[in-house]
Amino acid sequence: MAMLEVKDIEVYYGMIQALKGISFEVNEGEVIALIGANGAGKTTTLHTITGLLSPKKGSVLFEGQDITKVPAHKIVSLGMAHVPEGRRVFAELSVYQNLKMGAYTRKDKDEIAKTLEMVYKRFPRLEERKNQLAGTLSGGEQQMLAMGRALMSHPKIIVMDEPSMGLSPILVNEIFDIIKEVSASGTTVLLVEQNAKKALSIADRAYVLETGKIVLEGDAKELMNDDSIKKAYLGE
Ligand SMILES: Nc1ncnc2c1ncn2[C@@H]1O[C@H](COP(=O)(O)OP(=O)(O)OP(=O)(O)O)[C@@H](O)[C@H]1O
Ligand SMILES: [Mg+2]
């Protein structure tokens, strides 16, 4: 059984159909990339999985449980964390307060403290700046905070929307190294990216989205060598 199963979801914004029947799965331990151009439906897909949008048709199963109609906060407590597009940290709260918010579904204070230590170890810059207001962090630091906050829920799967957006090449590398570490530590990863090259370089498998449909799927390494992918997404 796949950890996450997305079955033929159709999503509308008013009269406009954004997703036209999307199906894919994520197995435990995998890094899966969802790639596609602006407006392809990547964010809409993630929002449907994390409970922020509900599909008109189709279903989403997490560890075999139908979560299609389960509200977002309950989905977090089932073990799915979302790092939203554009980071969306709480600007008026400190770094530390943002991280604490990420653990809102958990009760055990000792366990939360351990996770906080792990997050600070992975992101030393967040520890250095723990009392700084999140809104005053640089873009890259905010991305780290958004990831750290998601990790505070101790997720089984982390769903990330364009973590490389707006970051310098060096920071993009740093963020992707951390994604690899998160994966190596046992967390399953679903990654949405426009930076197809980077995403394919760390993914096991990938799906290509075009105007609300999956048009291609396969092993990430094979897709990297696919001529149509090279032309459309890798700029080669
Ligand atoms: N709230 C909304 N109301 C109406 N249409 C929307 C809304 N959000 C998204 N759409 C439309 O749905 C389609 C898919 O958008 P979505 O944000 O999922 O794309 P995306 O692949 O994440 O793009 P990007 O790479 O630019 O983030 C687009 O045509 C978009 O204009
Ligand atoms: Mg998007």
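1. V95, N98, L99 and G102 of helix α3 touch L145, G148 and R149 of helix α6; contact means heavy atoms within 4.5 Å. By class, this contact has three nonpolar, three polar and one charged residue. Ala, Val, Leu, Ile, Met, Phe, Trp, Tyr, Cys and Pro count as nonpolar, Asp, Glu, Lys and Arg as charged, and the others, Gly among them, as polar.

2. The model is predicted: local features need pLDDT of at least 70, side-chain atom pairs count only at pLDDT 80 or more, and totals for chains, interfaces and linings use all residues. Residues are numbered from 1 along each chain as its sequence is written, chains are lettered from A and ligands numbered from 1 in the order written, and side-chain values use heavy atoms, with hydrogens and water left out.

3. Helix α3 spans residues 95–102 and helix α6 residues 139–151. Helices are DSSP runs (H or I, at least four residues), numbered from the N terminus. The two pack at about 35 degrees, axes 7 Å apart. Axes are lines fitted to C-alpha atoms over the stretch in contact, and angles run from 0 to 180 degrees between N-to-C directions. The crossing is right-handed: the near helix is turned clockwise from the far one by less than a right angle.

4. Ligand 1 has 13 residues around it; N38, G39, K42, T44 and E85 come nearest. Near means a heavy atom within 4 Å. Helix α1 (residues 42–49) gives the largest share of this shell, three residues.

5. Oxygen atoms of ligand 1 also make polar contacts (N or O pairs within 3.5 Å). A polar side-chain atom of E85 lies 2.7 Å from one such oxygen. For E162, the side-chain distance is 3.1 Å.

Notes: Polar contact = N/O pair within 3.5 Å; in protein donor to acceptor, adjacent residues only side chain to side chain.
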